[in-house]
Amino acid sequence: MKKVKTFKLSLMMCLTLLFVSTFSSNVSVYAATDLTVDLSSVIGPVTHAAAGSLYGVDVSHPDNGFILPLRAKSYANPAMSGPDNHRLEGDGVPVAQRLANTGSKVTLRLADMNPNWYDFPGLTSWYNKITSLINEVQTLGLTNIYGYEVWNEPENNSWHGKFVGNLDNSNSYVDFFVNVPTTKSYTMTIGYANGSGANSTHNLCYNGLPCTSVTYPPTEGWGIFNTVSANVNLTAGNNIIRLAKGTGSAELDYIDIPGAAQTRYEAENGTINQGVIKNNGFSSSNDTDNLTFNEMFSLTYTKIKQLDPSAKVIGPSYASFFQTGMRNFLSYQKAHNTLPDIVSWHQLLGQNFTNDYNTYRALETSLGISPRLISINEYSGGAWFSDEGKPGVTAPLIAKFERLKIDTAMQSLWNGTGTLGSLLTNTNQRNGGWWFYKWYGDMSGNMVSVTPPNVNSMTALDGFANVDSDRKYASVLFGGVTDGTVNAVIKNFPSFFGGNGSKVHVRVESTPWVNRDTAVNTTTTILEGDYTIASNQINVSISGLNNSYGYRIYITPFGQATNVYEAEHAAVNHAIISNSSNASGGKYVSNLDYSDSYVDFYVKVATTKTYTMTIRYANGTGANSTHNLCYNGGACSTVTYPATAGWGQFSTVNVSVNLTAGDNIIRLAKGTTYAELDSITIN
Ligand SMILES: [Ca+2]
Ligand SMILES: [Ca+2]
């Protein structure tokens, strides 16, 4: 979706909101506030599938410090940007280069290579652009391209097809003027739509011969086209072929006559009597090089695979899930052996995603198509503009995406580019949504099952959770509409937590939301304590909840230190994570060798005061080296590291830091010569 909306879509949104609000009021009949987390029911590995955003990362902004903690699986960017393209900014290839070391991938949106919304340049130019793009990706050796998204929202008239509808009067017809070189029988293909649910007919009349009848089986809907064939005996030179109203109704897109002067005669270019020319994304026109969207997608798929057989092709990227359009698309691509590797659509209007997902999987089954990866490459809540980035709205969405193993999902773009999907303010500061996505980025190990009060509600309380048995912790993120209380039932503790009778440490935090432009410097700890496992579960009751806020429950084994921060789990810029049995946690950060190399530690303390920070480091230079220590926006200072026994051989230094209650961001950045970082401990 782009920022400019059509009236039609606004109306759809209003209708949807009415539906959602009605639906939400029914939620109260459920045991409203129970959220059950099964720590032993693994969904799959943590990938941060839904942490990315559309145009959320630009070539030069935001700063990496904002991007790194989110650990998004993929962003979506224009395949090319500039004055001749749909987007001025966000050029996907340099963004992919920029993100190459962060672990994030980039979806390249090919439609954005075109100007406006979107002008198809003709197949030759289209192929040239794609060839140039893929050659560039290959020349640069980029390995973090998630895939090539062929088009965007084709059904919303971003595919400029035309057809003739309302051929409903007794004298409605379209005359096609067809020139053929040879007198013979030709097999004519008719692109038509019949949304009546029953067969309809046209009368086929030409060259003074008796009319015959053409039968149109039902298509997936009005404006959604299939083809039928009919034989016509044409004479060399000009012929007038008339398709006239018969029984029931049909819409006409084009006729194809192989061997004729044109291979396609568009209905809208014929002589139309008692019919109306219409626009939509399922039909073809001169503006689309006489291709339907399905045809263009299929040809583009083939071209991409010729250029790079390992490339992933993404589509159709409908503005919302709708079964009829998806069936039409999948049926066509299956028949042409050009099914996308990753099926995409958008979640913007508050629809029931759980239901849409199940409908989609059933559609695959019914068409004999193996399960595709799914990318929801634009998402926001039903009140799209005010919802984007709001934790209380995104939590129930992410919960569904994680529960259903959606491969990637990207926040929509209702705000400016380069703001990580409305997670930064207009003055480039973190807002409350950023901290929620930072918690998401903190997740590691495996995602585990969370059962909300109602999996079908897109607005009510829902959450997602992870367990990391190496790092020995679990976390649960949640948000959504509640009556102000949540009872989190956390059960089936893995053995590293101990068993029944063991205590676990629980910290519950909230991140606020006023609006996207309200900066938030810290999250708030709203509850902290030790809970005893009984019947292999604990119940954490939380009250005073705000429907716009996001929440995290962070659970560690009793007695496990919470003041040690491993460098390898921090936000690491332009450096490498290495393994060593000497290192705390088995890993450390090496190669902090560049002017932009740094590690950002997110340190949470209960009290504002001066703390001792113990830095575990290695310095194999044989002489003193330094890092620059910068935190909380204050002036930087220098930390001096005496030489250690070698690289990967660690020692410690202590420095004093003045921390404020809540979250503190402590940066250790390259200074004089070199040093490696293992961990920091705050006392
Ligand atoms: Ca047409
Ligand atoms: Ca370490």
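**Figure 1. Met613 stands opposite Ile682 in strand E39 of this predicted model.** Strand E39 (residues 676-682) and strand E34 pair in the antiparallel sense over six bridges; strands pair if DSSP finds at least two bridges between them. E34 (residues 609-618) is also joined to strand E37 (residues 650-659) by 10 bridges, and E34 and E37 run antiparallel. Thr610 has Asn658 in E37 as its bridge partner. Strands (E, at least two residues) and helices (H or I, at least four) are DSSP runs numbered from the N terminus. Residues are numbered from 1 along each chain as its sequence is written, and chains are lettered from A and ligands numbered from 1 in the order in which they are written. In this predicted model, local features need pLDDT of at least 70 and side-chain atom pairs count only at pLDDT 80 or more, while totals for chains, interfaces and linings use all residues.

**Figure 2. Five strands form an open sheet with antiparallel pairing.** The strand order is E30-E33-E38-E35-E36. At the edges stand E30 (571-573) and E36 (637-641), each with a single partner strand, so one side of each has no neighbour in the sheet. Neighbouring strands are turned by 25 degrees against each other on average, direction ignored. Strand E35 (residues 625-631) pairs with E36 in the antiparallel sense over five bridges. Ser625 has Tyr641 in E36 as its bridge partner.

**Figure 3. Helix H9 (residues 391-403) packs with helix H10 (residues 432-442).** The angle is about 30 degrees and the axes are 10 Å apart; axes are lines fitted to C-alpha atoms, for helices over the stretch in contact, and angles run from 0 to 180 degrees between N-to-C directions. H9 and H10 are therefore roughly parallel to each other, a term for angles under 35 degrees. Pro391, Thr394 and Ile398 in H9 meet Gly432, Gly433, Phe436 and Tyr440 in H10; contact requires C-beta atoms, placed from the backbone, to lie within 7 Å. The residues of this contact divide into four nonpolar, three polar and no charged. Ala, Val, Leu, Ile, Met, Phe, Trp, Tyr, Cys and Pro count as nonpolar, Asp, Glu, Lys and Arg as charged, and the others, Gly among them, as polar.

**Figure 4. The protein is divided into domain 1, domain 2 and domain 3.** Domain 1 covers 7-29 + 64-158 + 292-415, domain 2 covers 161-284 and domain 3 covers 564-682; these bounds come from an automatic or database domain assignment. The centres of domain 2 and domain 3, taken over C-alpha atoms, are separated by 72 Å. The protein has 10 helices and 39 strands.

Definitions and conventions: Angles under 35 degrees count as roughly parallel, over 145 as roughly antiparallel, 65 to 115 as roughly perpendicular and the rest as oblique. Two residues are in contact if their C-beta atoms, placed from the backbone, lie within 7 Å.
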